[in-house]
Amino acid sequence: QVQLVESGGGLVQPGGSLRLACTTSGGTFEHPFNYHALAWWRQAPGKDREFVAAASGNGGLTYYADSVKGRFTVTRDNAVLTAYLEMGSLKPEDTAVYYCNANLRLNRFAMKDYWGQGTQVTVSS
């Protein structure tokens, strides 16, 4: 069963940077990788999962939560089936488990949806 896997998380000091990566594991998607929008979400302890950033299939369109605009950048390299989240100027409130999500809208009623298991990002002195 194909799934996504995140990597690159870890412990970093406030003001530091990290680069997260997301790629497929256990096979390939039923449809081409570039058909899928790629989004990053995060969840801190005791809080709901929140949207962080997203990129369209070819990376031409990007979206960011207000809380990370100007600090985070989402990119993708479809040739190697990988998406990235560059995180800079990190703050303690960025501490969370970060999840990768790929989705493809098939029609009005159906979509394909894939999630990773998450990678921990901790911002602390």
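Begin by selecting Cys22 and Cys100, which are joined by a disulfide with an S to S distance of 1.9 Å; a disulfide here is a pair of cysteine sulfur atoms within 2.5 Å. The model is predicted, so local features need pLDDT of at least 70 and side-chain atom pairs count only at pLDDT 80 or more, while totals for chains, interfaces and linings use all residues. Residues are numbered from 1 along each chain as its sequence is written, and side-chain values use heavy atoms, with hydrogens and water left out.

The structure holds 1 disulfide. The link of Cys22 and Cys100 is left-handed, with -70 degrees about the S-S bond. Cys22 belongs to strand β3 and Cys100 to strand β9 (residues 96-105), so the pair ties together parts that lie 78 residues apart in sequence. Strands are DSSP runs (E, at least two residues), numbered from the N terminus.

Cys22 is buried at 1% relative accessibility, and Cys100 is buried at 0% relative accessible area. Buried means under 20% relative accessible area, exposed over 50%, and partly exposed in between (1.4 Å probe, protein chains only).

Next, select strand β3 (residues 18-25) together with β8: the two run antiparallel and are joined by 6 bridges. Strands count as paired if DSSP finds at least two bridges between them. Thr23 has Thr82 in β8 as its bridge partner.

Remain with strand β8 (residues 82-87), where 5 of the 6 residues are buried. Val74 stands opposite Leu85 in β8.

Finally, select the turn of the hairpin formed by β7 and β8, with 4 residues between the strands. Leu81, in this turn, has a positive phi of about 55 degrees.
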